[in-house]
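Trainee: Hi! Could you walk me through a structure I have never looked at before?
Mentor: Happy to, let me put it up for both of us.

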Amino acid sequence: MVEIRLVGTAHVSQKSVEEVRSTIEEFQPDIVGVELDRGRFISLTQEVAEPSVTDILKGGNFGRLLVQWVLTYIQQRIGVETGVKPGAEMLVAIEEAEAHQKPVALIDRDIRITLARFWDMMGIWEKIKLLGALVYSMVSVEGQKIDVDEFTNQDVVSAAMEEFRKFSPGGAQALIDERDAYLAHQILMLGGRYERVLAVVGAGHIRGVQRYLDAPETLPPLPGLTADVKGLPWAKILGVGVTVLFLLLIAAIAFSGVGFDVLLTALLYWVLINGALSAAFTLLAGGHPISAATAFAISWLTSLNPLLAAGWFAAIVEAKIRKPAAGELRKILEAETFSEMRKIPLFRVVLVAALANVGSTLGTVAYFIFIFPVLGIDPAVVIVDGFSNLVQMIQGLF
């Protein structure tokens, strides 16, 4: 008969560290499974080479990277308050297993897959709310007394999970539900080879994992938990849509008969509104004025090309001017305040990339909302007359 025991932990709790140690001593498992993937296991137990700023910029998706860094920062700050290093209970599980000459299994899904699915499964509104909540959490965690041990109380954990599920259904599915299933798959596979299995997992996964262990037939197929999220490429669709809409707008103005000066003004405002907001957000991120000038100069063009982004160019210039040094990724993850984090060149490069893109996007939206009032023309008249004249010209050619 296979005996499986779960230990639910909080990742910055001394109580969890002690519980893991005492459970291994008392249960004497044949194998210890820990809620880590290979990447996190290596970073927890070894010194690893950091990715270069070039690799980070090539990776793109700066919003997802910032979310990962901010989550790490919040966990790090709670760890400072409690005096426990994040992941200490997993490290103790590994050390205790080795001390008892028992093998260790890494049972969590690759963090890169989890973050990719987490980000891709959230809607735009969910992402906006998440970023706002993270900013608030960064501010509120400073100096706040937190009873971390409450996060191993299953009633408290369940309430927190339900709140998160209401806040972000897509994020909860990727971060909680899918990982419950993945962890259960791995634990059951260990149960096929060992008689006594101990699994050390976050307290938020205990009920979900146990539910699957009690009814393995309800588990979703494992390949589906690691595949890319299939869906329409909304970013590219919106990018193409913006380009088409802008060209149609310019065509309508050009053929409506309102005059060349109005057409020139419409083009000028496209450059100014896109550029000004992208540059302003670059400066808000702490970017160099030359980086802001780059965002201003390129934003009007990148808004018309779904394959380009103003933030990439601004970030490249920022990295050239204020070159990130080796070891800055670790400094980011160990920063004690957001202002300290913001002064680190590597963090600022990524923040510039993300916020310059936000500014450019807002500039595009603002343009389509305000361009007709700014020009002082009736959009209905311009569009009807413009396309009517364009059709007549095309008919005349044939």
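Mentor: We can go from the whole chain to the sheet, then to a helix and a single residue.

Trainee: Great. What kind of model is this?
Mentor: It is a predicted model.

Trainee: And how many helices and strands does the chain have?
Mentor: The secondary structure comes to 18 helices and 4 strands.

Trainee: What share of the residues is buried?
Mentor: Of the 398 residues in the chain, 44% are buried. The accessible surface of the chain is about 20400 Å², and carbon and sulfur atoms account for 63% of that.

Trainee: What about contacts between residues at least 6 apart in sequence?
Mentor: Among those contacts, 82% join residues at least 24 apart.

Trainee: Okay, on to the strands. In what order do they sit in the sheet?
Mentor: The order is S1-S4-S2-S3, in an open sheet of 4 strands with parallel pairing.

Trainee: Which ones stand at the edges?
Mentor: Strand S1 (3-9) and strand S3 (104-106) do. Each has a single partner strand, so one side of each has no neighbour in the sheet.

Trainee: How much are neighbouring strands turned against each other?
Mentor: By 20° on average, if you ignore direction.

Trainee: And which helix packs on that sheet?
Mentor: Helix H10 (residues 206-214) packs there, touching S1 and S4. The direction of H10 makes about 165° with that of S1.

Trainee: New topic: what span should helix H12 have?
Mentor: H12 (residues 260-284) has 25 residues, so at 1.5 Å a residue it should span 36 Å. The C-alpha atoms at its ends are 36 Å apart, which agrees.

Trainee: Which of its residues are buried?
Mentor: The buried residues of H12 include Val262, Leu263, Trp270, Ile273, Asn274 and Phe281.

Trainee: And what follows H12?
Mentor: Gly286 follows H12, and its phi is positive, near 90°.

Trainee: Last one: is Phe62 buried or exposed?
Mentor: Phe62 is buried, because its relative accessibility is 4% and the cut-off for buried is under 20%. You will find Phe62 in helix H4 (residues 62-82).

Trainee: How far apart are Phe62 and Val349?
Mentor: They are 287 residues apart in sequence, and 9.8 Å apart in space from C-alpha to C-alpha.

Definitions and conventions: Residues numbered from 1 in each chain as written. Predicted model: local features only at pLDDT ≥ 70, side-chain atom pairs only at ≥ 80, totals over all residues. Heavy atoms only, no water. Helix = DSSP H or I, 4+ residues; strand = E, 2+ residues; numbered from the N terminus. Buried < 20%, exposed > 50% of the residue type's maximum accessible area, 1.4 Å probe, protein only. Expected span 1.5 Å × (residues − 1). Pairing = 2+ DSSP bridges. Axes fitted to C-alpha atoms, helices over the stretch in contact; angles between N-to-C directions. Contact = heavy atoms within 4.5 Å. Areas by Shrake-Rupley, 256 points an atom, 1.4 Å probe, with all protein chains shown as cover.
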